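Colleague: I would like to go through this model feature by feature. Where should we begin?

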Amino acid sequence: MIGNDIIDLSLAKTESNWQRRGFLEKQFSVNEQHLILNAPNSFEMVWRLWSMKEAAYKIFTQQHSVRFFAPKKFECKLMLDLKGLVCYKNQKFYTASIVNQQYIFTKAGLIKETSSYSEMGSPDQIDMMIKNKLNVLTGLNISGIEQIKSRNGAPSYYYKTTRLTSSCSISHHGKYGAYSFVKA
Amino acid sequence: MDVLFLRNIKKEFMTREDLIISLQKIVKPYVQDQNAFNNLSEETDFINDLKINSANLVDVILDVEDEFDIEIDNDSMEKMLSVKAALDIIETKLTAS
């Protein structure tokens with residue numbers, strides 16, 4: 001299973017104020033708040049941790065058809081090389097992030113190295129990019145590849161009745177979009 | 001209805017309709033689907049319909065706390081994904097306060 005999240009940092013700067021009273025306390029554990037306040041770039045740390053939580057949550061909602069807003073309960077631990085671990089109840093999610101000046105991208109999996117395909121692009125092109133990739137991987141005609149959304153919004157791709165993705169996650173924020181999927 | 005007038009009503013006497021108007025004012029800055037906002041009802045979902053960014057949900061919650069002078073605990077916050085859920089939570093907290 002795979003979940004991802006992308007954050008457009010220039011949009012995050014104007015859209016949210018992480019220094020607002022209550023913002024950190026409502027969403028981050030005491031340990032995470034400590035990480036944020038002691039980081040060389042607190043703003044970046046806020047959104048790195050947030051994207052880890054969101055990517056893990058997106059796996060959870062694929063596993064269980066439920067939606068909720070409990071970012072604080074997805075507890076993050078940072079590891080080397082922008083890798084991380086998110087724990088929710090008894091479950092572990094392994095994350096890997098890309099951080100640069102423009103965006104933060106995180107993908108999460110249930111095992112350390114989930115073999116998946118990911119790409120970034122502009123938000124309106126993501127669907128086409130997935131279809132192109134599936135075409136390359138399977139040889140199936142693009143015009144027959146369709147996205148189907150589950151009741152709680154999780155996408156999957158089909159060719160007629162054949163499911164092509166066993167898990168798929170799509171994110172967009174501001175200028176950026178991203179997909180991650182595991183081939184069926 | 002005059003929103004300034006509503007501000008003077010004691011919050012616990014606000015009707016469901018009054019609460020919707022207050023909530024509408026709170027979510028407005030975060031809404032990304034104007035059409036869904038114009039047709040806002042109790043069934044409206046903050047994320048799926050209004051396209052509020054999940055990172056802004058906490059702002060909605062903090063604004064609700066400030067506006068109604070209530071505290072939204074973690075368990076209530078978990079459920080706050082729709083207008084209906086938000087109204088239920090606000091009503092419960094107002095009666096308890």
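Modeller: With burial: a residue is buried if 20 or more other C-beta atoms lie within 10 Å of its own, exposed if 12 or fewer, and partly exposed in between, with C-beta atoms placed from the backbone. Helices (H or I, at least four residues) and strands (E, at least two) are DSSP runs, numbered from the N terminus. The model is predicted: local features need pLDDT of at least 70 and side-chain atom pairs count only at pLDDT 80 or more, while totals for chains, interfaces and linings use all residues. Residues are numbered from 1 along each chain as its sequence is written, and chains are lettered from A and ligands numbered from 1 in the order in which they are written.

Colleague: Which residues of α2(B) are buried?

Modeller: B:L19, B:S22, B:L23 and B:V27.

Colleague: What span should helix α2 of chain B have?

Modeller: The expected span is 1.5 Å times one less than the number of residues. For the 12 residues of α2(B), residues 16-27, that gives 16 Å, and the end C-alpha atoms are 16 Å apart, which agrees.

Colleague: How many helices and strands does chain B have?

Modeller: Chain B has six helices and zero strands. Of its 97 residues, 27% are buried.

Colleague: How do I read the contact of the chains?

Modeller: Two residues are in contact if their C-beta atoms, placed from the backbone, lie within 7 Å. Chain B gives 16 residues and chain A 15 residues. On the chain B side, α4 (57-68) and α5 (74-79) each supply at least two residues, and the largest share, five residues, comes from α4(B).

Colleague: And the sheet in chain A?

Modeller: Strands of a sheet pair through backbone hydrogen bonds, either parallel or antiparallel. Two strands pair if DSSP finds at least two bridges between them. Here three strands form an open sheet in the order β6-β11-β10 of chain A, with antiparallel pairing. The edge strands are β6 (117-121) and β10 (165-173) of chain A, each pairing on one side only.

Colleague: Over how many bridges do β6(A) and β11(A) pair?

Modeller: Five, in the antiparallel sense, with β11(A) covering residues 176-183. A:S118 stands opposite A:S180 in β11(A).
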